[in-house]
Amino acid sequence: MMKGDERRVGGVKGRDGRRDGRDGMSAKAGHHQRWTRKHLLGLQELSADEIRFVLDTADSFKEVSTRSVKKVPALRGRVMVNLFFEDSTRTRTSFALAAQRLSADIIDFSQKTSSVNKGETLIDTARNIEAMGIDIIVVRHPAGGAAELLSRHVKCSVVNAGDGAHEHPTQGLLDLYTMRERFGKIEGLKVAIVGDIVNSRVARSNLWGLKKLGAEVILVGPPTLLPRAFEQLGARVVYDFDEVVGEVDVLNMLRVQFERIGTSQFPSVREFTRLFGLTGDRFKRCKKDVFVMHPGPMNRGIEISSEIADGAQSGILKQVTNGLAVRMAGLYLVSQASD
Ligand code: CP
């Protein structure tokens, strides 16, 4: 296991002992680089080296979950709060378990029973909780930019667990980790992200991460859910799923976010499934070893058929398993940078 701040990016030499202003890595003369970011807010701001560093750190932590005693003392004495203003199953549980495995203490904030309902602001809520001696705030919020805003108003570390349609960095990282585990590398992979792109923070974090690590990204969906402006971020934008379904290595199927759009963005749910769903017929036209992903929660039978979601080529539960190691890595690294 790792010790203190001695985790280093394998093979990447630092420059002259100075902080590298382009990203959150620093280096001393003759030493390898190490993590220096106090917050984990999004993949847009991370360099390719930083992303690889998180994935490599997660590799070390994955082993912890295979032990009979699934715990390391890395964050003993630290306190993490889950500050969730939106519902969550995977992310909230995964962060809580990740913190427990690192021996941190955990507080679970619930908006439904909090003073937010009496008009307290996000910043006041966070600062009051921080005043009790919190080291890491993990925040999910419906507004894009909420995590970054908090990071400017608190002294502790902030980890973004999803902010509006902006970013979901740990989901992006666990998706990258799962693809790298499956294919051995990300560079050169052809990845299609399919469905409700415009409302998806997962799509944006995946796009940033995949591009930085050298994958080709194809975004697929109806024009109402996929503005052509995504081309400016380096993606190929395609409105006909069947045009690309046979050429990709990975299909990342997104949830249609009905709570945000209803069905007003396409004629009917049946029409969406016919044109953009991963149906049995469409799956037959995929590459033989295509890898199927979905961040969850799934609308079974809408964006993905149940048989495929539960089938041999599905990585959906592997994503969830890997999320734990990735979140352990994220919590550990931001906490090291705060020292
Ligand atoms: N993938 C994801 O963020 O799931 P939850 O909303 O359940 O956390």
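**Figure 1. The five-stranded open sheet, order 9-8-7-10-11.** In this predicted model, five strands form an open sheet in the order 9-8-7-10-11, with parallel pairing. Strands (E, at least two residues) and helices (H or I, at least four) are DSSP runs, numbered from the N terminus. Two strands pair if DSSP finds at least two bridges between them. Strand 9 (236-238) and strand 11 stand at the edges; each has a single partner strand, so one side of each is left without a neighbour in the sheet. On average, neighbouring strands of this sheet are turned by 20 degrees against each other, direction ignored. Axes are lines fitted to C-alpha atoms, for helices over the stretch in contact, and angles run from 0 to 180 degrees between N-to-C directions. Residues are numbered from 1 along each chain as its sequence is written. The model is predicted: local features need pLDDT of at least 70, side-chain atom pairs count only at pLDDT 80 or more, and totals for chains, interfaces and linings use all residues.

**Figure 2. Strand 8, strand 9 and helix 6.** Three bridges link strand 8 (residues 216-220) and strand 9 in the parallel sense. Ile 218 has Arg 236 of strand 9 as its bridge partner. Helix 6 (residues 201-212) packs on the sheet and touches strand 7, strand 8 and strand 10. The direction of helix 6 makes about 155 degrees with that of strand 8. Contact means that the C-beta atoms of two residues, placed from the backbone, lie within 7 Å.

**Figure 3. Strand 10 between strand 7 and strand 11.** Strand 7 (residues 190-194) and strand 10 run parallel and are joined by four bridges. Ala 192 has Leu 251 of strand 10 as its bridge partner. Towards strand 11 (residues 291-293), strand 10 makes three bridges, again parallel. Here Asn 252 stands opposite Met 293. In a regular strand the side chains alternate between the two faces of the sheet. Strand 10 (residues 250-253) is covered on both faces: Val 250 and Asn 252 on one side, Leu 251 and Met 253 on the other, are all buried. A residue is buried if 20 or more other C-beta atoms lie within 10 Å of its own, exposed if 12 or fewer, and partly exposed in between, with C-beta atoms placed from the backbone.

**Figure 4. Surroundings of Val 191.** Val 191 belongs to strand 7. It has 24 C-beta neighbours inside 10 Å and therefore counts as buried. Leaving aside neighbours within four places in sequence, its contacts include Leu 210, Ala 215, Val 217 and Val 248. Val 250 and Asn 252 are also among the residues in contact with Val 191. Met 179 lies twelve residues away along the chain, and the C-alpha atoms of Val 191 and Met 179 are separated by 9.7 Å.

**Figure 5. The four-stranded open sheet, order 4-3-5-6.** This open sheet has four strands with parallel pairing, ordered 4-3-5-6. Strand 4 and strand 6 (157-163) are the edge strands, each pairing on one side only. Neighbouring strands are turned by 15 degrees against each other on average, direction ignored. Six bridges connect strand 3 (residues 79-84) with strand 4 in the parallel sense. Met 80 stands opposite Ile 106 in strand 4. Helix 12 (residues 316-338) packs on the sheet, touching strand 3, strand 5 (136-141) and strand 6. The direction of helix 12 makes about 145 degrees with that of strand 6.

**Figure 6. The shell around the ligand.** The ligand is surrounded by Ser 88, Thr 89, Arg 90, Thr 91, Arg 92, Gly 162, His 168, Gln 171, Pro 295, Gly 296 and Pro 297. A residue is near a molecule if its C-beta atom, placed from the backbone, lies within 6 Å of it. Helix 2 (residues 90-101) gives the most to this shell, with three residues. Domain 2 (38-166 + 322-338) and domain 3 (169-318) both give residues to the shell, so the ligand lies between them. Domain bounds come from an automatic or database domain assignment.

**Figure 7. Two loop residues, Pro 297 and Ser 103.** Pro 297 lies in the loop between strand 11 and helix 11 (306-309). The peptide bond from Gly 296 to Pro 297 is cis, with omega near -10 degrees. Ser 103 lies in the loop between helix 2 and strand 4 (105-110). Ser 103 is not a glycine, yet has a positive phi of about 70 degrees. With 14 C-beta neighbours inside 10 Å, Ser 103 counts as partly exposed.
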